[in-house]
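Subject: Structure for you to look at

Hi,

Here is the structure I promised to pass on. Please open it and keep it beside you while you read my notes.

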Amino acid sequence: MRLLNRSVNGWAGRISRHRRGPLAGLMVLLLGLLFTGGLYAAFAPAQAQQGSSSAEQVAKGRQLFLVGCAFCHGQNGEGITTRNGNQIGPSLVGVGAAAVDFQVGTGRMPMAQPGQQAQRKTPAYTDAEVASLAAYVASLGPGPSVPSKADYSTEGMSASARQEAISRGGQIFLTNCTACHNFEGSGGAMPRGGYAPSLHDTSARHIYEALLTGPQNMPNFSNGNLSPDEKRDVIAYLYSLREMPSYGGFGLGGLGPVPEGMAAWLLGIGGLTGAAVWIAAHTTRSNKKKVEA
């Protein structure tokens, strides 16, 4: 029995000495890396393929960027400033895919000509090309991503929950947005040649991206300022306005008291004044002379 214990202790001692050797740690590290890589290749092939597809999309987006965007924003999205300090195009590093999807998806970019504010027009790129451009700009630096339909849609909500969302969204919109976009999202003029566009035909995704990124003169509302649910509620309120009839008759674009007052003066009082003048001019007059007593 003593001989057996001695042999076992000697064998364990030899293993312990080899385990403390200089190459033991390296071998353990290599075995761990091989084991981890094998598990990843076995259980996550779809994710590896998705990464390759994203790389191809980024490469395609860069080609589109160099042709249509680099003249103003630089070959690497760093922005271009003239010697006089005038900025031709701002840096796109860190703006995120959401900003590109909004600006290019609404046709505001590329700009036809420099101006105070980029105007909405027919998009110059297809949806796939917009997605490629957004993927490339997103690769330049971290920024807001393109929202999914679940972020801004009220589908699946009950009627009562949807009404509550509309009510909350209306309060948020009337507090933060009516100064520029009017109480029903009809838009309006702003200082220095700018304007707040109408939101009557803007898609829910682009409204969400505008809140998230703050294009043009608009401030951005990050998730710290407005939560994703609050952004969705604002969109629900704006969409409810599209379904609401104009109970007062002619809405006059919903632009508020200025066009309504102008219509009242020109059409209302002006029409009455014109009718009174016409009646006075066409009144039947008597040709009989007064008989003196």
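The count of aromatic pairs in this predicted model comes to three. In one of them, the ring centres of Phe 65 and Tyr 136 are 5.2 Å apart. Their planes meet at 50°, so the pair is tilted. Phe 65 lies in helix α3 and Tyr 136 in helix α6, so the pair ties together parts that are 71 residues apart in sequence. Phe 65 counts as buried, at 1% relative accessibility. Tyr 136 is buried too, at 4%.

Another pair is Phe 173 with Tyr 237. Here the centres are 5.6 Å apart and the planes are at 45°, so this pair is tilted. It links distant parts of the chain: Phe 173 is in helix α8, Tyr 237 in helix α11, 64 residues apart. Phe 173 is buried, with a relative accessible area of 1%. For Tyr 237 the value is 12%, and under 20% means buried.

Now look at α11 itself. Helix α11 covers residues 228–243. At 1.5 Å a residue, its 16 residues should span 22 Å; the end C-alpha atoms are 23 Å apart, which agrees. Its buried residues include Lys 231, Asp 233 and Leu 238. They pack against what? The buried residues of α11 pack against α7, α8 and α10. Lys 231 also lies over the face of Tyr 208, at 6.0 Å from the ring centre.

Last, Lys 149 in helix α7. Lys 149 is partly exposed, at 47%. Its side chain makes a polar contact with the side chain of Glu 155 (3.3 Å).

Best wishes

Key
Residues are numbered from 1 along each chain as its sequence is written. This is a predicted model: local features need pLDDT of at least 70, side-chain atom pairs count only at pLDDT 80 or more; totals for chains, interfaces and linings use all residues. Side-chain values use heavy atoms; hydrogens and water are left out. Helices (H or I, at least four residues) and strands (E, at least two) are DSSP runs, numbered from the N terminus. The expected span of a helix is 1.5 Å times one less than its number of residues. Buried means under 20% relative accessible area, exposed over 50%, partly exposed in between (1.4 Å probe, protein chains only). Contact means heavy atoms within 4.5 Å. A polar contact is a pair of N or O atoms within 3.5 Å; within protein, one must be able to donate a hydrogen and the other to accept it, and residues adjacent in sequence count only if both atoms are side-chain atoms. Rings of Phe, Tyr and Trp (its six-membered ring) pair if their centres lie within 6.5 Å; planes under 30 degrees apart count as stacked, over 60 as edge-to-face and the rest as tilted. A charge sits over a ring if NZ of Lys or CZ of Arg is within 6 Å of the ring centre and within 35 degrees of the ring normal.
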